[in-house]
Every structure is written in structure tokens, then in C-alpha cells.
Amino acid sequence: MRNSFSPDNASFDEYATDYDLALHQGLSVTGEDKLYFARGRIDWLRRCLQRLAQHPKTAMDFGCGTGSSVRYLLELLGSQSVLGLDVSEKSLEVARRENDAQQTRFMLMGQYEPKEEIDLAFCNGVFHHVPVAKRPSTMAYIYNSLRPGGLFALWENNPWNPGTRYVMSRIPFDRDAITLSAPEARRLAQATGFEVLRTDFLFIFPKPLQWLRGLEPYLARTPLGAQYQILCRKP
């Protein structure tokens, strides 16, 4: 099946070269940069996979942008190869320059045909840019990319967190996005055929309160964090 994911490609091309600056404009209020969050998401996922005794060799970064998460999928998860997909060719050009060509490949979403070959799909902050009517077909595209038993880690911004809404209002490409809550994301995954394994909320404390971050693993099941992860399995 062809992917019907279709946010405004031109808008994301526009931000490809200064994506970091636009993102920093919002994240600066937290006291952290994008790499803190990129590493934190993959490190949390690593812990979840360890509990499941899963070691994905092939990974897909759906909506990879400029490729910030790819290095962590390789380094922290130990994946042998990563496929990065995005709608912005200019963003993919940046990702290709900054990542090892031997372990990665980057393609426009319309160029990749799902083949049930991927061990792990990772997606961060993409679905709030997908038109609501196209979210089911986008989820199905990811589902069809995974092998039976494959895992999907869906990360999204938590609209129940007022800090998240404030940060999004400061980022040009996030201001008009249509957020989705964790229950909505779970229902969407389940309607596609996924088995939802767990839901976690992360990034509760900003840098000025970093001394409290040791509590976050114990609070991960409460909807306090700035982002959430829905971890799913394809039967």
C-alpha cells in the first residue's frame, strides 16, 4: 500500500536548514536541547526492550527529519541498520550528511513500500502533523512495514501537560498542529491491529528541577510528562 501521510512538505523543507534553531526556540524554556530529549527517548525505549528481551536488528525512524534520533537507535539499541523516512527531501539531505551511510538509508515516505521486514519502528512527534483523517492509513503503513512480532514505539507530545502546549506554541512548525492524547493514540494503534504493551510518560522535570529526575521512572505511568510513549507489538 502507498503511504497517504501528507503534511505540508514545503513547510518542512523550509525549516530543514534551520530546524535546530526553530526547535531551540521552543525547547529553551526547559533548559535542555533537542539531544537531551532525543537520547532520553531512546534510552527509555532501550530499558523497555531489555525487559522484553528484545534486540531489534533493523529499525525504522518514521518521520526522521534531520536524523537526530538515528545515532541513538544505532548506539543505544544496538540496531545494525536504520531506515529513515520523511516527507522533506531537504531534511533527508541533512540526515544523509550527518549519519553513517553504511548503517543507514534515508528515503521519502512515498518511495518506501512496506514489506513486513522491520524489527522496530520508532516515531517521534509526527502524528500531530498528520491530518486526522489520514492517521489510520499512516498507522497501517507502519504496521505493514513491521515483521510479525515487530515492535512500534510511538512517541507524542502530551497535550494534557500545559508546559508541552507552551513549548509547542513557541515552535513555528508546531503551533497549528492537532495533538492527540495517549488514550487516542492507544485506540488508533489497537484499531490497526497492534497489541499495546505499555504506556509511559516522560520528561516531567525541567532542568532547574533536574535533581528530581530520579523520580521519573516511578512516575512514568502517571500522565504528567511532556511526552508519552505507546509501545506496541504486531501479532
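Predicted model: local features only at pLDDT ≥ 70, side-chain atom pairs only at ≥ 80, totals over all residues.
Residues are numbered from 1 along each chain as its sequence is written, and side-chain values use heavy atoms, with hydrogens and water left out.

Q: How many helices and strands are there in the protein?
A: Helices (H or I, at least four residues) and strands (E, at least two) are DSSP runs, numbered from the N terminus. By this assignment, the protein has nine helices and seven strands.

Q: What percentage of the 235 residues count as buried?
A: Buried means under 20% relative accessible area, exposed over 50%, and partly exposed in between (1.4 Å probe, protein chains only). Of the 235 residues, the share that counts as buried is 54%.

Q: Which residue forms a salt bridge with R147?
A: A salt bridge is a side-chain nitrogen of Lys or Arg within 4 Å of a carboxyl oxygen of Asp or Glu. The closest N and O atoms of the R147 pair are 2.6 Å apart, and the partner is D119. R147 lies in strand 5 (residues 146-157) and D119 in strand 4 (residues 118-124), so the pair ties together parts 28 residues apart in sequence.

Q: Are R198 and D200 buried or exposed?
A: The side chains of R198 and D200 meet in a salt bridge, at 2.7 Å from N to O. Both R198 and D200 are buried.

Q: Which residues of the largest nonpolar core touch the most other members?
A: A nonpolar core is a set of buried Ala, Val, Leu, Ile, Met, Phe, Trp, Tyr and Cys residues joined through side-chain atoms within 4.5 Å. The largest such core has 31 residues, and those touching the most other members are M60, F62, L85, F127 and F152.

Q: Which element gives the largest share of the lining of the second largest pocket?
A: On a 1 Å grid over the protein atoms alone, a pocket is an open set of points where a 1.4 Å probe fits, with protein on both sides within 12 Å along at least five of seven lines; lining residues have an atom within 4 Å of a point. The lining includes Y36, R39, D43, W44 and F203. Helix 3 (34-52) and helix 9 (216-219) each supply at least two lining residues. The largest share, six residues, comes from helix 3.

Q: What is the phi of F203, in degrees?
A: Most residues other than glycine have a negative phi, and most peptide bonds are trans. F203 lies in the loop between strand 6 (195-202) and helix 9, and counts as buried at 8% relative accessibility. Although F203 is not a glycine, its phi is positive, at about 65 degrees.

Q: Where is E116 found?
A: E116 is not a glycine, yet has a positive phi of about 50 degrees. E116 is partly exposed, with a relative accessible area of 43%. Its place in the chain is the loop between strand 3 (104-108) and strand 4.
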